[in-house]
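Student: Hi! Could you walk me through this structure?
Tutor: Happy to, let's take a look together.

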There are 2 protein chains.
Amino acid sequence: MTSSRQGDLFDPLCPTRQVLDRIGTKWTSMVIKVLAEAAPEEVRFGELRRRIPGISQKMLSSTLQSLVRDGLIARRVEPTVPPRVHYRLTELGLSLETPLAALRAWAETHVSTLLRNNRLAEQLAPHTQGEESPARS
Amino acid sequence: MTSSRQGDLFDPLCPTRQVLDRIGTKWTSMVIKVLAEAAPEEVRFGELRRRIPGISQKMLSSTLQSLVRDGLIARRVEPTVPPRVHYRLTELGLSLETPLAALRAWAETHVSTLLRNNRLAEQLAPHTQGEESPARS
DNA sequence: CTGTATCCAAGTAGATACTG
DNA sequence: CAGTATCTACTTGGATACAG
């Protein structure tokens, strides 16, 4: 748990924030997911790009760099011309996949409820306000 | 604003992204954590603010609104003067706490490695190119 | 093929002031 | 007490061009 005090969950000392700041960015979770599905096989840059529709070279590049810096994925360069670069999850990255999979499971189960709640709140509460939330459970 | 079209064009929108977009924002995870620790007790606005150092009224307010809209937390107003507003996790919110706790556990275990990896990468690779990742496993 | 560099649009968060 | 309104700074992400 937290080190010293419960009320003190702020600052760069809050691990959850650190982690969420990393995996919460737009493309990170998708990159990890693709690499996790491919594991233990490596995936090349262009292949990642193809498997993540909509991502730009810049974002894929910077996302991969962050993850490499964190030690979550490993980068291997074939010294050919032109070069081929391969990525794979490290052990650390694979270990993250476990709680991430749990979150994914929750997401797939409940995202429809979440979206429905939003729609309901949007429809029937532009200025009117009930006290209860749309749907729980 | 959120004038979302329903076609959802280039993305077979993954639920995980939807969820991460919500809990990945700066203060959301902290609000959920505080409410989860207090559960099943309710927490008032000012109390939340006190327990989350650094958060502004505006951010707390908008964060809470998002979570209420999602149905993750419930809002109860005491019709007094001045009013007292109480927040608590809904069943849905509590169910999210489970995978979130798993992520928290991972974070607390591995965040030091993550940060160390970053420091190492920063030190020994400003422009020099090693092909090796700092620490895996 | 795998990146980097630049510029720009959009979203997110902070400070401050004001209200029922 | 519990918000809202506004204005601004910072950050993120996208488009494009170019390089090793």
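Student: How do the residues of the surface near DNA strand D divide into nonpolar, polar and charged?
Tutor: They divide into eight nonpolar, five polar and six charged. Here Ala, Val, Leu, Ile, Met, Phe, Trp, Tyr, Cys and Pro count as nonpolar, Asp, Glu, Lys and Arg as charged, and the others, Gly among them, as polar. Before we go on, this is a predicted model, where local features need pLDDT of at least 70 and side-chain atom pairs count only at pLDDT 80 or more, while totals for chains, interfaces and linings use all residues. Residues are numbered from 1 along each chain as its sequence is written, chains are lettered from A and ligands numbered from 1 in the order in which they are written, and side-chain values use heavy atoms, with hydrogens and water left out.

Student: Okay! How many residues surround DNA strand D, and which are the closest?
Tutor: DNA strand D is surrounded by 19 residues, and the closest are Lys26(A), Trp27(A), Lys58(A), Arg75(B) and Tyr87(B). A residue is near a strand if one of its heavy atoms lies within 4 Å of it.

Student: Which elements supply at least two residues each of that surface near DNA strand D?
Tutor: Chain A brings helix H4 (57–70), and chain B brings helix H3 (45–51), helix H4 (57–70) and strand E3 (84–89). H4(B) gives the largest share, four residues. Helices (H or I, at least four residues) and strands (E, at least two) are DSSP runs, numbered from the N terminus.

Student: Which atoms of Arg44(B), Gly46(B) and Ser61(B) lie by a phosphate oxygen of DNA strand D?
Tutor: For Arg44(B), a polar side-chain atom lies 3.0 Å from a phosphate oxygen. Ser61(B) also uses a polar side-chain atom, at 2.9 Å. With Gly46(B), a backbone N or O atom lies 2.8 Å from a phosphate oxygen. Each is a polar contact, meaning a pair of N or O atoms within 3.5 Å; within protein, one must be able to donate a hydrogen and the other to accept it, and residues adjacent in sequence count only if both atoms are side-chain atoms.

Student: And DNA strand C, how many residues surround that?
Tutor: DNA strand C has 18 residues around it, and the closest are Gln65(A), Arg75(A), Tyr87(A), Lys26(B) and Lys58(B). By class, the surface near DNA strand C has eight nonpolar, five polar and five charged residues.

Student: What share of the atoms of DNA strand C within 4 Å of the protein belongs to sugar or phosphate?
Tutor: That share is 71%, and the rest belong to bases. As for individual contacts, an N or O atom in the side chain of Tyr87(A) is 2.6 Å from a phosphate oxygen of DNA strand C. For the side chain of Ser61(A), the distance to a phosphate oxygen is 3.0 Å. The side chain of Arg44(A) has an N or O atom 3.0 Å from a sugar or linking oxygen.

Student: Is Asp70(A) buried or exposed?
Tutor: Asp70(A) counts as buried, at 2% relative accessibility. Buried means under 20% relative accessible area, exposed over 50%, and partly exposed in between (1.4 Å probe, protein chains only).

Student: What about Glu47(A) and Arg51(A), how far apart are they in helix H3 of chain A?
Tutor: They are four residues apart in that helix (residues 45–51), so about one helical turn separates them. Glu47(A) is partly exposed at 25% relative accessibility, and Arg51(A) is partly exposed at 42%. Together with Arg50(A), Glu47(A) and Arg51(A) are linked in a network of salt bridges.

Student: Last one: what is the strand order of the open sheet in chain B?
Tutor: The three strands have the order E1-E3-E2, with antiparallel pairing. Strands E1 (43–44) and E2 (73–78) of chain B are the edge strands, each pairing on one side only. Two strands pair if DSSP finds at least two bridges between them. E1(B) and E3(B) are joined by two bridges, and Val43(B) has Tyr87(B) in E3(B) as its bridge partner.

Notes
Salt bridge = Lys/Arg side-chain N within 4 Å of Asp/Glu carboxyl O.
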